[in-house]
Amino acid sequence: MSQIASRLAELGIVLPTPVAAIANYVPYVRVGNMLVVSGQLPLGPDGKLAPAHAGKLGPGASIDDAREAARRCAINILAQAKAAIGDLDSIAQVVRLGGFFNVAGSFDSLPQAMNGASDLMADLFGARGRHARTTVGVAHLPLNALAEVEALFEVA
């Protein structure tokens, strides 16, 4: 078992079957040693959006739900990366994550919410999981999802 597969098992994470693209794009593109994974929604193992991961963030919204939604997006990113390269141990560096959150008005805890994805990458990959990132609030996301996260990896 690979190092990353072992770590996923320790964390109790089972990667789902990657979701097919729902429009005119591909789930990932590899160019040389770079792998770009298209934005992933916080779909559960059943391929559905949990009620806690739908809707908009606003004043008083649960930071825990937002953080878990970002983490779920990251799990789906890893499933796409595995489909693209086979072995996640081939990831030399998590280069960048981009996080988008469905907001209504003001929600000042977007950086903490995005930590759901960032913390998972650091937990799995150690120093090579540390990355640059962008986190923004947007007016709407597909399926009325709470979050969407995209990724850029360097592959060995």
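**View 1. Helix α1 packed against helix α3.** In this predicted model, helix α1, which covers residues 3-10, packs with α3 at an angle of about 125°, and the axes of the two helices lie 9 Å apart. Because angles between the roughly perpendicular range of 65 to 115 and the limit of 145 for roughly antiparallel count as oblique, α1 is described as oblique to α3. On the side of α1 the residues that meet the other helix are Ile4, Arg7 and Leu8, and their partners in α3 are Asp123, Leu124 and Phe125. Sorted by class, this contact of α1 with α3 holds four nonpolar and two charged residues, with no polar ones.

**View 2. Helix α2 crossing helix α3.** Two packed helices are described by the angle between their axes and by the distance between those axes. For helix α2 (residues 63-85) and helix α3 (residues 110-125), the angle is about 45° and the axes are 6 Å apart. That angle makes α2 oblique to α3, and the crossing in which α2 passes α3 is right-handed. From α2 the contact includes Ile63, Ala66, Arg67, Ala70 and Arg71, while α3 contributes residues including Gln112, Asn115, Leu120, Met121 and Phe125. The residues of this contact of α2 with α3 are made up of 14 nonpolar, three polar and two charged.

**View 3. The largest pocket and its lining.** Rolling a probe the size of a water molecule over the atoms shows where empty space is left. The largest pocket holds about 200 Å³ of space, and 15 residues line it, with Val19, Ile22, Tyr25, Gly39 and Leu41 lying nearest its centre. Strand β2 (34-40) and helix α2 are the elements that give two or more residues to this lining. When the lining residues are grouped by class, 10 are nonpolar, four are polar and one is charged.

**View 4. Histidine 131 and its surroundings.** Histidine 131 sits in the loop that runs between α3 and β4 (132-138). Although histidine 131 and arginine 96 are 35 residues apart along the chain, their C-alpha atoms are separated by 5.1 Å. If neighbours within four places in sequence are set aside, histidine 131 is in contact with Val94, Val95, Arg96 and Leu97, and also with Ser118 and Met121.

Notes: Residues numbered from 1 in each chain as written. Predicted model: local features only at pLDDT ≥ 70, side-chain atom pairs only at ≥ 80, totals over all residues. Heavy atoms only, no water. Axes fitted to C-alpha atoms, helices over the stretch in contact; angles between N-to-C directions. Helix = DSSP H or I, 4+ residues; strand = E, 2+ residues; numbered from the N terminus. Parallel < 35°, antiparallel > 145°, perpendicular 65-115°, else oblique. Left-handed = near helix turned anticlockwise from the far one by under 90°. Contact = heavy atoms within 4.5 Å. Nonpolar A, V, L, I, M, F, W, Y, C, P; charged D, E, K, R; others polar. 1 Å grid on protein atoms, 1.4 Å probe; cavity = no way out; pocket = protein on both sides within 12 Å on 5 of 7 lines; lining within 4 Å. Points joined across faces, edges and corners; volume = space filled by probe spheres on them.
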